[in-house]
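Please view the sequence and the structure together while reading.

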Amino acid sequence: MPRTVQHRKVKMKRIGNLFETICSIENLMLADRFARRGKLNSYGVKLHDRNREQNILDLRASLLERTYHTSRYDNFMLNCDNGKLREISRLPYYPDRITHHAIMNIIEPIFVKVFTADTYSCIKGRGIHSAAEKLKNILKSDPDGTKYCLKLDIRKFYPNIDHDILKAKLRKKIKDHDLLWLLDEIIDSAPGVPIGNYLSQYFANLYLTYFDHWLKEELKVKYYFRYCDDMIILSGDKAELHALRLKVDQYMKENLSLVVKGNWQVFPVDARSLDFVGYRFYHTHTLLRKSIKKAFARKMAHLHGEPLLKSYAAYMGWAKHCNSYNLIQKLTNEEILRLRDKIGSGNDRKQDHDCANTQQGDNGSKLQDRGQQVPKKQEWKMLVLTNRS
C-alpha cells in the first residue's frame, strides 16, 4: 500500500471585501474596454454597444442581487498547431466575458502572488519566450546539473479538473462569500474547466500551484518549468528523475484527482533535444520546433501581400529567440523584401540585428563543437550587413 504523499501547507493570507469593487460601475466599464480588445467588429460587441450603458447597469444589478447565471456555451472543435483536436467553449460577449474580465481586474494580482516563479502560462511578464530564455540560460550555465530531463503532462487536464478541489483552493486565498458565490457559479457552469474561458487559464494555474510549491519547497527540485500542464524537470541524475516521477504520479492522484499521461519520458538532453514551448533545446543552441518550422515555410510559400507580411512578422517573433539565421535567410523571399522596403528601413535594421543574433547562435554552436573561438555579436552583425549589401 503506497504511503500518502505528505506536504507542508503553504500559509497564505485570505482576502475579503472584493466583490463590491468587482461590481462597481468603474470596474465593469474597464472590463468592457479590456474584453473588447481585438474584437471591435465582432457580433457580440456590436450587439452590446446598441445598449451599452443599460447593459452595464443591468449586469451590476444581477451580480449584486445574485441573479447572474452563466450563459449557454457555444462548443466547437479546433485543430491546434501541435496536431491535437481540442474542444473550445465560447461564451457571449455580454454578460459573460465582461464579467470574467471584471473579476480578473481585481483578483489577478492575488492569484499571481500565489504562483511560483516556475510557471509561465498566461501570466503577464512571463509567457513562452520568458520560459525559453530562462531554460536556455540554465542549460548553458549548468550542463552537468541539466544532463537529463523528465518530461510529462497530464491526461485531459482541463476536463478532469475537480470542482470541489478547485473551490477548496480558492477558499485558501479568498474569504469574500459573495465573490466565492460568483466563482462557484462560473465553475459549476460546465464539466471540468472549459478551454476558452478567460478565467479558465487562471483556474488551471491555481489548481496546480500548490503542487508547484510542494515540488520546489518540499522535494527541493532545483530546475523545474511548467507551462499549463506541460512540465519538465532537469537533473544530473537519471535515477533521481525516475524516483521523482513516481512521487509526482502519487501526488497527482491523491491530491488533485489527476493522472500523468503514460507517455512520460526521461532522456539525455543532448541526445535528442528538449522539446518545450515551441523550441528544441540543446546545451549549446536552440532550434524551432519542427512543426512550427514547417508551418512557417508553408505560409511563406502560399501567402501574398499584407497577409504574407503579417505572417512573416509573427513567425519572426518565434525565430528571433532561437538559432534560426539559416532558416530566416531561406524563407525571406523577394516579395517579403519588397513589402518591407515600402514600410521603411527602420524595420530592416531591426531585422538585420535579429538575424545577426540568430546567426551568431547558428554558427557559434558549430564553432564551439570544433573547439574554435566564437566571434562576438558585433562581429556577426558586420558580417550579416556585408553579406546583404
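The sections below describe salt bridges and a charged surface patch in this predicted model.

## Salt bridges in the model

Side chains of opposite charge can pair when their charged atoms come close. In this model the count comes to 15 salt bridges.

## Arg-66 and Asp-178

Arg-66 and Asp-178 form a salt bridge in which the closest N and O atoms are 2.7 Å apart. Arg-66 is located in the loop between helix 4 (52-64) and strand 1 (74-79), whereas Asp-178 belongs to helix 8 (residues 177-187); the pair therefore ties together parts that are 112 residues apart in sequence.

## Asp-74 and Arg-90

A salt bridge joins the side chains of Asp-74 and Arg-90, with a distance of 2.7 Å from N to O. Asp-74 is part of strand 1 and Arg-90 is part of strand 2 (residues 85-90), so this pair ties together parts that are 16 residues apart in sequence.

Asp-74 is partly exposed, with a relative accessible area of 37%. For Arg-90 the relative accessibility is 39%, and this residue likewise counts as partly exposed.

## Arg-289 and Asp-275

Asp-275 pairs with Arg-289 in a salt bridge, and the closest N and O atoms are 2.7 Å apart. Asp-275 lies in strand 7 (residues 274-276), while Arg-289 lies in the loop between strand 9 (286-288) and helix 12; the pair therefore ties together parts that are 14 residues apart in sequence.

Arg-289 counts as partly exposed at 23% relative accessibility. Buried means under 20% relative accessible area, so the 23% of Arg-289 places this residue in the partly exposed class. Asp-275, with a relative accessible area of 28%, is partly exposed as well.

## A network of salt bridges

Which residues are linked in a network of salt bridges? The network consists of Asp-32, Arg-36, Asp-49 and Arg-52.

## A positive patch on the surface

A patch of positive charge on the surface is formed by Lys-290, Lys-293, Lys-294, Arg-298, Lys-299 and Lys-330. Helix 12 (residues 290-302) contributes the largest share of this patch, namely 5 residues.

One of the residues in the patch is Arg-298, which lies in helix 12. Arg-298 counts as partly exposed, at 49% relative accessibility. Exposed means over 50% relative accessible area, so Arg-298, at 49%, is not placed in the exposed class.

How values were computed:
Residues numbered from 1 in each chain as written. Predicted model: local features only at pLDDT ≥ 70, side-chain atom pairs only at ≥ 80, totals over all residues. Heavy atoms only, no water. Patch = residues over 30% accessible without salt bridge, like charges linked within 9 Å, V, L, I, M, F, W, Y side chains within 5 Å. Areas by Shrake-Rupley, 256 points an atom, 1.4 Å probe, with all protein chains shown as cover. Salt bridge = Lys/Arg side-chain N within 4 Å of Asp/Glu carboxyl O. Lys, Arg positive; Asp, Glu negative; His and termini not counted. Charge placed at Lys NZ, Arg CZ, Asp CG, Glu CD. Helix = DSSP H or I, 4+ residues; strand = E, 2+ residues; numbered from the N terminus. Buried < 20%, exposed > 50% of the residue type's maximum accessible area, 1.4 Å probe, protein only.
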